[in-house]
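Try each task before reading its solution.

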Amino acid sequence: MQENQSELIDVSQLRIGMFVELDIEWMAHPFLKGNFKISSEKQIEAICSLGLEQIRYVPARSAPAVAKVIEVTPSKYPTLSAEDLLALEASRAETLRLRKLRVEAIAAQQRSLLACERRFADAVRLYRYAAEQVVAQPKAVAEKCHGLIDNVVSEMLCNGDTAIRLLSEGMGDRNAMHPVNVTILSLLLGKAMGLPQKDMVDLGMAAFLHDIGKLELPERVRFFDESFSTVEYKLYQEHVAEGVQLARRMELSPAVLLAIAQHHEMVDGSGFPSHCKGESQPLSSKIMALVNRYDDLCNPGRLGSVAMTPHEALSFIFAQLKNRYDSMVLSAFIRMMGVYPPGSVIQLVDGRYAMVVSVNSSRPLKPRVLVHDPEISRQEALIVDLEQAPEIGIRRSLKPANLPSEALDYLMPRQRICYFFEQAGVLANSPQPI
């Protein structure tokens, strides 16, 4: 028998352990879901009170002891007392209240995600405009970029705690997606490190335009590749100087020019183009160097390059590259992103699979996760806040390829990692089913 094949039985045949499907409107019954495994006689009583003569049940998803229906006559539940009916009605009212809260919570989390995605898309469109017009209209481009960054910084600094939000797949091509990612994460890190508003705006401008010089390079050398020849690598490095020249034409501040000039410099002197060390670098360039590398690891520019998961990228930087980055900046970045940054695929301590979709930058060890639940459609799944569910812990991080196929299809891990920010605490927890 197929796993989801069902058959009709009389309500008198209901037993604990049966997986049933209610073929009625969701407002006509008191359960949070229309299909579930019966776990109590109270649920059987509630089903019998609906006035249905037959119920659809799925033998393959039922407990083995009840997979074969046994005829029972007369019905075990012919009538309910007035007291039982009152209790059942109260239970139904409470369940409907919880269901309403669930519907409202799902709508709220969808609105929040759509708002983040619209703003990310607006930033991507602005970057494309900048790329197309910077040579012909450098001052106009600078003015529009300043408007975007001013708004983002003001919102970050005025809204209290912020959460880093994972966005959907396909939020833009890599050329425009990368600078937006670097801008958002750099500004969040600048906020976490206490930068004043003016310095935040300079940091945002530098992050948004740090790769603008790549537009002057041949396509084949716009993204770093380990197989570059010496000539190709030197040509690739020229994007820094080209970016500084364009920034000068936009009449950007000296602080922005310096940050763009040094966004590939490392504190140990191993960066380029000047090989300067940490004491010669402002905080903005140290922030951008780290965030830039993190996004490159998650979203490699070269076709066919192996992308790391966010958890892998953070672990790799800490284990293999930490001497290249400022220790205070790296520590602040790890505290902000958490051990499992948004986009990480994880297994919970109870064995279920999940994906991290949001991290409160002030409390990163308890992220918000989308949990694989085959009993609930993905569209109706509520994001679970682990801070509000202390009994749920994270066991380990996984590569998406190691997920079971059902969990992979449900969680849909991103091939491209896109981030934006939202006010912390906008997502709700799931009500408990009856």
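**Exercise 1: the cavity**

Task: find how many cavities of 30 Å³ or more the structure holds, and which residues line the largest.

Solution. Step 1: the structure holds one cavity of 30 Å³ or more. A cavity here is a set of points on a 1 Å grid over the protein atoms alone where a 1.4 Å probe fits but cannot get out, and lining residues have an atom within 4 Å of a point. This is a predicted model, where local features need pLDDT of at least 70, side-chain atom pairs count only at pLDDT 80 or more, and totals for chains, interfaces and linings use all residues. Residues are numbered from 1 along each chain as its sequence is written, and side-chain values use heavy atoms, leaving out hydrogens and water.

Step 1: the volume of the largest cavity is about 50 Å³, counted as the space filled by probe spheres set on the points.

Step 2: its lining consists of A123, L148, I149, V152, V180, T183, I184, F208 and F420. Two or more of these residues come from each of α3 (138-158) and α4 (174-192).

**Exercise 2: a helix pair**

Task: which residues of α5 meet α7, and at what angle do the two helices pack?

Solution. Step 1: α5 (residues 197-209) and α7 (residues 254-261) pack at about 40°, with axes 9 Å apart.

Step 1: in contact (heavy atoms within 4.5 Å), D202, M205, A206 and L209 of α5 meet A255, V256, A259 and I260 of α7.

Notes. Axes fitted to C-alpha atoms, helices over the stretch in contact; angles between N-to-C directions. Helix = DSSP H or I, 4+ residues; strand = E, 2+ residues; numbered from the N terminus. 1 Å grid on protein atoms, 1.4 Å probe; cavity = no way out; pocket = protein on both sides within 12 Å on 5 of 7 lines; lining within 4 Å.
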